[in-house]
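This report looks at a protein chain through its contacts, its charged pairs and its surface. Please keep the sequence and the structure in view while reading.

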Amino acid sequence: MGRTIVSLGSSAALSFTLPPHRHRLLLLSKPRPLPRYFNLPLPSPAFLNPKLSCAPTVLRAPQCALHSHIDRSAFLQDAGATALVTAGAYMLVLAFDLLTKRNLVEQKLSRKLVHVLSGLLFMASWPLFRELLRGPLYYVLVLMLCALVFWRESPIGVIPLGIMSGGDGFADIMGRRFGALKLPYNQQKSWIGSICMCLFGFAVSIGMLYYFASLGYLRLDWVSTVEKVALISFVATLVESLPITEVVDDNISVPLTSMLMAFLFFGYGPPH
């Protein structure tokens with residue numbers, strides 16, 4: 001018996017056993033070059049076992065498609081949970097309102113029961129959501145802050161909300177559709193999105209200021225007001241475009257910046 005080794009490349013070799021007479025014939029014969037495909041390396045063990053750390057990436061599912069599916073699933077679950085909780089809260093208030101009108105429950109008792117049950121409903125809904133929607137939550141908190149502190153007699157509360165609702169909203173819509181040209185310092189933001197942020201934030205802020213002024217809540221010098229709101233919108237757009245979302249959410253940084261500048265320009269309380 002003899003053993004002949006045939007090389008198949010640098011990574012593997014193939015051996016087989018021949019009878020003695022065929023072994024001698026093979027040694028006496030002139031060696032022939034192997035075909036070109038015999039020089040290719042055999043598949044590594046990692047190719048046969050994807051669990052190994054050196055497994056080729058071609059065996060893994062495309063990460064972008066996987067993340068897209070997860071994001072879509074989380075969005076649908078959160079949207080359904082939001083609709084369900086909203087309907088439940090509405091039915092809770094409606095039920096106690098009917099009980100109060102029919103004199104089955106006293107008004108003060110009804111209010112306290114709604115207070116207790118709405119809190120329990122809110123906490124019980126947490127497992128229905130995939131994640132905490134921090135952006136919308138921060139946005140609602142800013143809305144509440146402006147309403148509680150400034151209300152309708154001061155432009156300090158109106159301008160940040162105008163920039164957030166009009167500017168930030170249209171910036172995302174237009175940026176997703178036409179935002180092929182990205183900002184050089186932030187590839188997550190586009191030029192068209194930032195331009196829309198500034199223009200629509202300015203327009204909505206001026207429109208809301210005019211609305212409150214026409215109702216008699218505000219008295220403004222419109223020439224200086226337009227200049228100040230334009231500058232606030234520009235600075236808010238600049239803050240929104242910065243790559244700092246991992247540190248602070250733009251639903252916090254943008255309205256706080258707008259609020260601070262409006263405070264410096266208009267002062268606290270109704271302008272005179």
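## Contacts, salt bridges and a surface patch

When neighbours within four places in sequence are left aside, Thr-225 is in contact (heavy atoms within 4.5 Å) with Ile-206, Leu-209, Leu-220 and Phe-266. The model is a predicted one, in which local features need pLDDT of at least 70 and side-chain atom pairs count only at pLDDT 80 or more, while totals for chains, interfaces and linings use all residues. Residues are numbered from 1 along each chain as its sequence is written, and side-chain values use heavy atoms, with hydrogens and water left out.

Thr-225 belongs to helix 8, residues 222-241, where helices (H or I, at least four residues) and strands (E, at least two) are DSSP runs numbered from the N terminus. Thr-225 is buried because its relative accessible area is 1%; buried means under 20%, exposed over 50%, and partly exposed in between, with a 1.4 Å probe and protein chains only.

Helix 8 also packs against helix 7 (residues 191-214), at an angle of about 145° and with the axes 9 Å apart. Here the axes are lines fitted to C-alpha atoms, for helices over the stretch in contact, and angles run from 0 to 180 degrees between N-to-C directions. Among the residues that meet are Ser-205, Ile-206 and Leu-209 in helix 7, and Thr-225, Val-229 and Glu-240 in helix 8.

Which residues are linked with Glu-240 in a network of salt bridges? The network joins Lys-189, Glu-240 and Asp-250, a salt bridge being a side-chain nitrogen of Lys or Arg within 4 Å of a carboxyl oxygen of Asp or Glu. By this rule the count comes to 5 salt bridges, and three of the pairs are set out below.

| Pair | N to O distance |
|---|---|
| Lys-189 and Glu-240 | 2.8 Å |
| Asp-250 and Lys-189 | 3.7 Å |
| Lys-101 and Asp-97 | 3.4 Å |

The side chains of Lys-189 and Glu-240 meet in a salt bridge. This pair links distant parts of the chain, with Lys-189 in strand 4 (residues 186-190) and Glu-240 in helix 8, 51 residues apart. Asp-250 and Lys-189 likewise meet through their side chains. Asp-250 lies in helix 9 (residues 250-266) and Lys-189 in strand 4, so this pair ties together parts that are 61 residues apart in sequence. Lys-189 counts as buried because its relative accessible area is 16%, Glu-240 is buried at 6%, and Asp-250 is buried at 14%.

Lys-101 is exposed, with a relative accessible area of 62%, whereas Asp-97 is partly exposed at 33%.

Elsewhere, a nonpolar surface patch of about 770 Å² is made by residues including Leu-137, Val-140, Met-144 and Leu-256. Such patches are made of residues with over 30% relative accessible area and no salt bridge, with like charges joined within 9 Å and nonpolar side chains (Val, Leu, Ile, Met, Phe, Trp, Tyr) within 5 Å. Helix 5 (residues 134-149) gives the largest share of the patch, 8 residues. Val-140 has its place in helix 5 and counts as partly exposed because its relative accessibility is 41%.

Terms used. Accessible areas come from the Shrake-Rupley method with a 1.4 Å probe; for residues, only the protein chains shown count as cover.
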